[in-house]
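This report describes selected local features of the structure shown below.

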Amino acid sequence: MAETQLFTPTTPEEVLETVRWAVAEETPLEIVGQRSKRSIGRPVEANHLLDLSKLTGITLYEPEELVLSARAGTPISEIEALLAANNQQFAFEPMDYGPLLGTEAGRGTIGGTLNANLSGPRRLKAGAARDHILGISAVSGRGETFKSGGRVVKNVTGYDLSKGLAGSWGTLSVVTDVTFKVLPAPETEKTLLLNGLDDHQAAEAMAEAMGSSAEVSGAAHLPEGVIAKFLDRALVGGPKTALRIEGVAPSVEYRVDHLTRLLRSHGVGDVLEAEQSCALWREIRDCHPFCDGTPSPVWRVSVAPMMGPRLVDTFRRAAGANAYYDWQGGLIWMRMESDPEAEVLRKLITHFGGGHATLVRAPESLRRQVDVFHPQPAPLAALSARLKEQFDPRNILNPGRMIQPASPTT
Amino acid sequence: MSGLKMPEPQAATLFRRAEIVADMRIIVPGEGVVDSEEGMRVFESDGLTAYRQLPLVVVLPETVAQVSRILKYCHDRNIRVVPRGSGTSLSGGALPLKDAVLLVMSRFNRILEIDYANRVVVAQPGVTNLGITHAVEHQGFYYAPDPSSQIACSIGGNVAENSGGVHCLKYGLTANNVLGIEMVLMTGEVIRLGGKHLDAEGYDLLGLMTGSEGLLGVVTEVTVRILKKPETARALLIGFPTSEQGGQCVADIIGAGIIPGGMEMMDRPAIHAAEAFVQVGYPLDVEALLIVELDGPMAEVDHLIERVSEIATQNGCTTSRISTSDAERLAFWAGRKAAFPAVGRISPDYYCMDGTIPRKELPRVLAGMRELSEKYGLGVANVFHAGDGNLHPLILYDANKPGDLDKAEAFGSDILRLCVKVGGVLTGEHGVGVEKRDLMSEMFDESDLNQQIRVKCAFDPNHLLNPGKVFPQLHRCAELGRMHVHRGQVPFPELERF
């Protein structure tokens with residue numbers, strides 16, 4: 001076996017050169033940025049590391065045009081700081097997996113943001129990374145450079161390969177450049193808390209709030225079992241349901257009033273002012289209650305919002321789990337007591353109308369045995385495999401990360 | 001483009017037409033198969049009426065099982081298929097082929113489920129865009145993307161074209177409002193992508209399908225997000241002596257952190273045509289007219305409309321009116337909404353283009369268009385989705401004048417080249433279809449296009465679905481699959497290893 005190598009290209013041309021070498025050698029590459037999400041997925045079966053953390057730089061930022069381009073290895077923290085200085089942001093609110101996975105907070109690259117299709121609480125109103133990517137340049141597993149999309153919001157010219165790479169976890173291409181839509185940051189925010197609702201009552205209340213004209217930009221339910229973990233134990237007295245309102249100050253006031261009246265029968269409680277509200281939603285976003293320094297299994301489950309509490313209830317009859325809800329109940333973060341119980345969980349997801357479960361945290365040995373990403377029905381799995389084949393026919397990019405390879409790689 | 005070259009019809013298919021028609025009648029009994037010339041005539045073109053072609057046969061299935069059987073039948077016999085929704089495409093996406101079955105989805109016209117708690121509607125693909133809003137508006141909900149053909153265009157066609165509308169900057173395109181689809185592959189296999197939950201698992205095939213112009217699969221069910229109607233909406237009607245000032249005003253509004261629900265600009269010829277048609281009091285002494293609509297909670301709209309008004313004043317507007325009633329707001333829009341027919345009154349024919357540009361390039365592109373207008377001796381009127389940079393130049397010509405259509409098309413192509421040159425794209429919402437097919441290489445090099453075609457190869461390796469659209473040349477998949485490997489040195493060997 002060849003000597004294990006680390007490649008740290010600083011230009012897209014060097015990325016191309018590296019991939020071409022790997023194609024010629026038929027030797028797989030593991031693609032990393034700042035390695036903040038490296039432990040998500042099955043362990044990659046590759047000898048060599050393609051490290052993009054030196055492929056950096058913001059190449060275009062025009063605030064009035066709402067557009068930003070950067071090299072894939074650019075730290076997300078650097079980009080977010082620049083946006084904040086211009087009162088702008090990524091509206092999809094990309095989460096930071098670092099603390100959950102036992103690495104530092106504040107790491108991660110813009111390329112990783114796209115490849116993991118990150119999002120946050122605002123997902124239910126503003127979409128995920130896939131909804132804000134405008135264009136990319138990339139090197140395919142064939143060792144060829146290609147670009148897709150552009151720098152404008154409205155564009156239907158050709159297939160949207162940029163979206164196609166969102167959530168592909170580096171298994172289709174090595175993205176070298178990205179262009180994202182950016183948006184104004186809200187002037188201020190507040191969070192309305194509802195007290196003492198059980199999971200089902202919370203789902204009803206959140207549905208009512210999301211179905212109102214109050215333009216709620218975050219709807220989460222924090223049950224008794226996790227509530228003490230938030231805001232340094234500042235939230236006391238049972239479960240809390242949190243509804244976030246963002247915008248210009250007069251509008252925020254107006255809508256908090258509107259919601260308070262609308263949800264009077266649902267145990268309306270305190271209102272968190274901007275600073276606390278912001279801190280709370282960051283903790284909800286980053287799965288703070290389960291950032292416990294352990295590798296105990298954590299699931300990220302996406303189902304229809306009203307199904308969330310029913311799924312959790314039924315699941316608990318089979319196995320113990322701690323859980324809380326974002327996205328109006330449709331995103332469930334679950335920490336298992338021991339076994340991930342993948343089969344039970346995935347059967348229930350099918351039973352409750354479909355969705356998916358990703359085992360975002362687990363020890364390496366478990367990630368080898370259990371499907372980390374939700375298994376697909378045969379025709380869909382075959383189509384995905386054909387797509388992979390078209391981008392990476394020799395299976396040299398992150399082999400094994402999303403699905404177990406059909407035949408062992410050399 | 002008048003010399004449009006479509007794929008050579010397959011003689012074997014034409015030869016077996018009678019047999020294929022008979023087999024289609026077995027799969028779709030009743031009146032779902034149309035093979036008379038008279039009957040097929042209504043399907044010979046879509047919204048791009050310059051091109052017409054009778055199909056091999058028209059089939060209107062009613063069930064997913066029928067769609068699956070039709071596609072499998074055609075797949076097994078190497079017969080081409082062109083899918084069609086309501087046929088409102090402005091780029092010829094549903095233009096029939098002589099040797100292809102035209103698969104018309106209009107009988108899939110039912111709404112299957114309305115789920116207010118999860119804020120979704122599940123619809124069959126033939127339901128119209130506006131039909132979805134109509135089904136939920138009594139509860140105060142609506143479906144956000146609103147292409148101007150929304151009264152007729154189908155939601156399945158919207159998925160195929162990734163349709164937009166005037167509210168894209170704030171509410172997104174179709175791709176941002178569709179949560180799931182059921183679709184049939186060319187093999188007849190039925191797959192589901194996404195659903196009522198967010199983020200489909202695995203590769204974002206839904207993202208690839210949206211805007212794929214009927215080349216990857218046939219959509220048989222769509223799950224869309226519905227939204228509560230904004231509490232209120234108010235509009236400003238602002239006139240500027242120059243398009244530069246209008247453009248700067250747009251930039252300053254966005255720079256101030258305001259994202260209007262809609263922001264439209266018209267140039268002088270468009271203003272004059274619209275005012276002559278609907279008489280809503282548009283100022284006639286301005287070069288650019290801006291309509292800015294703010295929607296949302298009352299307190300917010302009242303607050304922001306004052307700020308927009310100040311920004312307009314700072315940019316030297318010569319007229320500025322704020323709507324004080326819904327009737328007045330709709331009057332502001334009446335001229336813009338009637339812009340296309342209004343232009344139709346001042347010219348025997350017009351040709352509608354659809355490029356998108358970075359907003360700041362508007363003055364440069366308008367100036368370029370004036371030069372081209374002189375060069376070709378044809379007039380042009382402009383309506384512009386100023387919020388998202390989507391430009392709709394309307395080229396005025398007379399189809400009865402020999403050579404005029406060719407000139408209009410050449411003019412249009414030059415405009416799109418200009419859009420690409422300033423950092424924009426060929427099409428913002430109308431699609432590539434056959435219309436812009438041969439311009440694709442202005443924006444993409446061979447390597448870019450080949451990777452797009454490889455996606456096609458994953459879905460439809462024999463190129464049976466909607467051939468002749470989108471790609472100037474559809475290389476054979478086997479050819480594209482070949483790898484050219486150059487063995488070489490380990491790259492940048494001076495760097496660290498472990």
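Which residues of β4(B) are buried on one side and which on the other? B:Ala100, B:Leu102 and B:Val104 are buried on one side, and B:Val101 and B:Leu103 on the other, so that both faces of the strand are covered. Here a residue is buried if 20 or more other C-beta atoms lie within 10 Å of its own, exposed if 12 or fewer, and partly exposed in between, with C-beta atoms placed from the backbone. Strands (E, at least two residues) and helices (H or I, at least four) are DSSP runs numbered from the N terminus.

The model is predicted: local features need pLDDT of at least 70 and side-chain atom pairs count only at pLDDT 80 or more, while totals for chains, interfaces and linings use all residues. Residues are numbered from 1 along each chain as its sequence is written, and chains are lettered from A and ligands numbered from 1 in the order in which they are written.

Because five of its five residues are buried, β4(B) is largely enclosed by the rest of the structure. The table lists strand pairings; two strands pair if DSSP finds at least two bridges between them.

| Strands | Bridges | Sense | Source |
|---|---|---|---|
| β2(B) and β4(B) | three bridges | parallel | DSSP |
| β3(B) and β4(B) | five bridges | parallel | DSSP |
| β5(A) and β9(A) | five bridges | antiparallel | DSSP |

Within β4(B), B:Val101 is the bridge partner of B:Val57 and also stands opposite B:Val81.

The loop between β3 (80-84) and β4 (100-104) of chain B contains B:Gly93. This glycine counts as buried because it has 30 C-beta neighbours inside 10 Å. Its contacts (C-beta atoms, placed from the backbone, within 7 Å) beyond four places in sequence include B:Asp46, B:Glu213 and B:Lys469. The C-alpha atom of B:Gly93 is 9.5 Å from that of B:Ser45, 48 residues apart along the chain.

In chain A, helix α11 (residues 342-351) has A:Ala342, A:Leu345, A:Leu348 and A:Ile349 as its buried residues. They lie on the same side of α11(A), because they cover an arc of only 140 degrees around the axis, the arc being that of the directions from the helix axis to the C-beta atoms. The face turned away from this buried side carries the exposed residues A:Glu343, A:Thr350 and A:His351. After α11(A) comes A:Gly353, with a positive phi near 95 degrees.

Chain A also has an open antiparallel sheet of five strands in the order β4-β5-β9-β7-β8. β4 (58-62) and β8 (145-149) of chain A stand at the edges with a single partner strand each, so one side of each is left without a neighbour in the sheet.

Note on methods: Two residues are in contact if their C-beta atoms, placed from the backbone, lie within 7 Å.
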